[in-house]
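Have the viewer open as you read.

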Amino acid sequence: MNRSATLLLVLFLASCGPPVPNLDSPGSTIVCFGDSITAGVGAGPGEAYPDLLARRLGAEVVNAGVPGDTAADGLARLDEVLDADPWLVVVELGGNDILRRVPPEQTEAALRSILDRLLAARVVPVLVEIEAPLAASYAKVFDRLDEAYDIPVVEDVLGDILTDPALKSDTIHPNARGYEMLAEALVDELEPIFEARRKLR
């Protein structure tokens, strides 16, 4: 890459906010890693947000969502995610921790371990903030993670979906329109990352 192209890339990344780590990842896949919301519970076939992302981004997306998973459960199967050779992993975990009243410090420790291992494996992590009514202690977990890691974080959207009955299929899962809103927010976050990665290749 010549000097002018490098300067343009730096300016582009600066305009997108904090630098994105591991843009030069040798990985080849995109993985959505999470619980029942990632799995698409509450929506029909092809309506889970990883399916919508794949269509919007024109890329293959692996759905690694397992209903019922806590952050610790996710950490326990992280090797399976890494075996998929990802360059980018969307992390959507923590909702079941809230439902099961897992101590927030345990949730935070598991999420930090997941992010640390993804970063060490030269993967771009994208964290989805989990919000729920009357769960301020968990909201603070995501605030601290946002402060501690220079990674993309998708904020507010899941909380907005899960507090709007019109966007839910039951008490804890989005419906098809709710998943569309989550996918749209993720596309907004991911498109600049895709563009920056293309400029490096």
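α7 passes α8 in a right-handed crossing, right-handed meaning that the near helix is turned clockwise from the far one by less than a right angle, and left-handed meaning anticlockwise. The axes of this pair come within 10 Å and cross at roughly 30°, which makes α7 roughly parallel to α8. For that wording, angles under 35 degrees count as roughly parallel, over 145 as roughly antiparallel, 65 to 115 as roughly perpendicular, and the rest as oblique. The axes themselves are lines fitted to C-alpha atoms, for helices over the stretch in contact, with angles running from 0 to 180 degrees between N-to-C directions. Helices are DSSP runs of H or I with at least four residues, strands are runs of E with at least two, and both are numbered from the N terminus.

A word on the source: this is a predicted model, where local features need pLDDT of at least 70 and side-chain atom pairs count only at pLDDT 80 or more, while totals for chains, interfaces and linings use all residues. Residues are numbered from 1 along each chain as its sequence is written, and side-chain values use heavy atoms, with hydrogens and water left out.

Back to the pair. On the α7 side, Pro104, Thr107, Glu108, Leu111, Arg112 and Leu115 meet Ser137, Tyr138, Val141, Phe142, Arg144, Leu145 and Ala148 of α8, contact being heavy atoms within 4.5 Å. Sorted by class, the contact of α7 with α8 has eight nonpolar, two polar and three charged residues. Here Ala, Val, Leu, Ile, Met, Phe, Trp, Tyr, Cys and Pro count as nonpolar, Asp, Glu, Lys and Arg as charged, and the others, Gly among them, as polar.

Pro103 sits in the loop between α6 (95-100) and α7 (104-120). From Pro103 to Tyr138 is 35 residues in sequence and 8.9 Å in space, C-alpha to C-alpha. Over in α8 (residues 136-148) you'll find Asp146, which touches Val153 and Glu155 once residues up to four places away in sequence are set aside.

How do α3 and α10 pack? Helix α3 (residues 49-57) and helix α10 (residues 176-200) meet at an angle of about 45°, with their axes 9 Å apart. α3 and α10 are therefore oblique to each other, and their crossing is right-handed. Tyr49, Leu52, Leu53, Arg56 and Leu57 are the α3 residues in this contact, and their partners in α10 include Tyr179, Leu182, Leu186, Leu190 and Phe194. By class, the contact of α3 with α10 has 11 nonpolar, no polar and four charged residues.

Now for the inside. The largest nonpolar core has 56 residues, and Phe33 and Tyr49 are those with the most contacts inside it. α10 gives the most to this core, with nine residues. A nonpolar core is a set of buried Ala, Val, Leu, Ile, Met, Phe, Trp, Tyr and Cys residues joined through side-chain atoms within 4.5 Å. Leaving aside neighbours within four places in sequence, Phe33 is in contact with Thr38, Ala64, Gly74, Val91 and Ile114, among others.

Thr38 belongs to helix α2 (residues 36-39). Not counting residues up to four places away, Thr38 touches a list of residues including Phe33, Tyr49, Asn63 and Glu92.

Trp87 is in strand β3 (residues 86-92). With residues up to four places away left out, its partners include Ser25, Ile30, Val124, Ile193 and Phe194. Trp87 and Ile130 are 43 residues apart in sequence and 23 Å apart in space, C-alpha to C-alpha. Between the C-alpha atoms of Trp87 and Asp146, 59 residues apart along the chain, the separation is 20 Å.

Which residues have a positive phi? Asn22, in the loop between α1 (3-15) and β1 (29-34), has phi near 65°, a positive value in a residue other than glycine. Arg122 lies in the loop between α7 and β4 (124-128), and its phi is also near 65°, again positive in a non-glycine residue.

Here is how these residues compare on accessibility, where buried means under 20% relative accessible area, exposed over 50%, and partly exposed in between (1.4 Å probe, protein chains only).

| Residue | Relative accessible area | Class |
|---|---|---|
| Thr38 | 0% | buried |
| Trp87 | 6% | buried |
| Asn22 | 18% | buried |
| Pro103 | 28% | partly exposed |
| Asp146 | 30% | partly exposed |
| Arg122 | 38% | partly exposed |
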